[in-house]
Amino acid sequence: MPEVAQAIGISVSHMNRVFTAVYGMTPAAYHVKCQLDMAANFLVHAGLPVGDISRQLRFTSVRYFSPCFGKESGKSPREYRADNVVTWTAGGW
């Protein structure tokens, strides 16, 4: 965050206040939300193992990723995939 704040010419604390006022969450929380949104997309469409998704999105571990994902979605990554996966057949989706 310091690099972003410096690039736009404001302090980190001011950037956090403005960002939170506009988006309702801190920049760090927004970043994690974006990562979890991408994870949901990967779980449904990419068919990658949960560990690979966690690593690609730069979570420190699957043990950290899974509870974060569960807190945001209300389901574990495996449950989310099972409930939302779209399968293709010869007749289409």
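Colleague: How many salt bridges does the count come to, and what is the rule?

Modeller: A salt bridge is a side-chain nitrogen of Lys or Arg within 4 Å of a carboxyl oxygen of Asp or Glu. By that rule, the count here is four. Bear in mind that this is a predicted model: local features need pLDDT of at least 70 and side-chain atom pairs count only at pLDDT 80 or more, while totals for chains, interfaces and linings use all residues. Residues are numbered from 1 along each chain as its sequence is written, and side-chain values use heavy atoms, with hydrogens and water left out.

Colleague: OK, which residue meets Lys33 in a salt bridge at 3.2 Å?

Modeller: That's Asp37, with 3.2 Å from N to O. Helices (H or I, at least four residues) and strands (E, at least two) are DSSP runs, numbered from the N terminus. Lys33 and Asp37 are four residues apart in helix α3, so about one helical turn separates them.

Colleague: Is Lys33 buried, partly exposed or exposed, and which words go with which values?

Modeller: Buried means under 20% relative accessible area, exposed means over 50%, and partly exposed is in between (1.4 Å probe, protein chains only). Lys33 is partly exposed at 27%, and Asp37 is partly exposed at 39%.

Colleague: With which residue does Lys33 form a salt bridge at 3.9 Å?

Modeller: Glu72, with the closest N and O atoms 3.9 Å apart. Lys33 sits in helix α3 and Glu72 in helix α5, so this pair ties together parts that are 39 residues apart in sequence. Glu72 counts as partly exposed, at 44% relative accessibility. Through shared partners, salt bridges join Lys33, Asp37 and Glu72 into one network.

Colleague: And which residue forms a salt bridge with Asp83?

Modeller: Lys75, where the closest N and O atoms are 2.6 Å apart. Lys75 is partly exposed, with a relative accessible area of 30%.

Colleague: On to the rings. How many aromatic pairs does the structure hold?

Modeller: The idea is that rings of Phe, Tyr and Trp (its six-membered ring) pair if their centres lie within 6.5 Å; planes under 30 degrees apart are stacked, over 60 edge-to-face, and the rest tilted. This structure holds seven such pairs. One of them is Phe65 with Phe69, a tilted pair at 5.8 Å centre to centre and 45° between the planes. These two are four residues apart in helix α5 (residues 62-73), so about one helical turn lies between them. Phe65 counts as buried at 0% relative accessibility, and so does Phe69 at 2%.

Colleague: Which residues form one aromatic cluster?

Modeller: Phe59, Tyr64, Phe65, Phe69 and Tyr80. Tyr64 belongs to helix α5 and counts as partly exposed at 40% relative accessibility.

Colleague: What does the side chain of Gln35 reach?

Modeller: A polar contact is a pair of N or O atoms within 3.5 Å; within protein, one must be able to donate a hydrogen and the other to accept it, and residues adjacent in sequence count only if both atoms are side-chain atoms. Here the Gln35 side chain reaches the backbone oxygen of Leu57 at 2.4 Å. Gln35 is in helix α3 and is buried at 9% relative accessibility. Taking contact as heavy atoms within 4.5 Å, Gln35 touches Leu57, Arg58 and Phe59, leaving aside residues up to four places away in sequence.

Colleague: Last one: which residues make the nonpolar surface patch?

Modeller: Patches are made of residues with over 30% relative accessible area and no salt bridge: like charges are joined within 9 Å, nonpolar side chains (Val, Leu, Ile, Met, Phe, Trp, Tyr) within 5 Å. Areas come from the Shrake-Rupley method with a 1.4 Å probe, and for residues only the protein chains shown count as cover. In this case Val18, Val22, Tyr23 and Tyr30 make a patch of about 390 Å². Helix α2 (residues 12-23) gives the most, with three residues. Tyr30 lies in helix α3 (residues 27-45) and is partly exposed at 35%.
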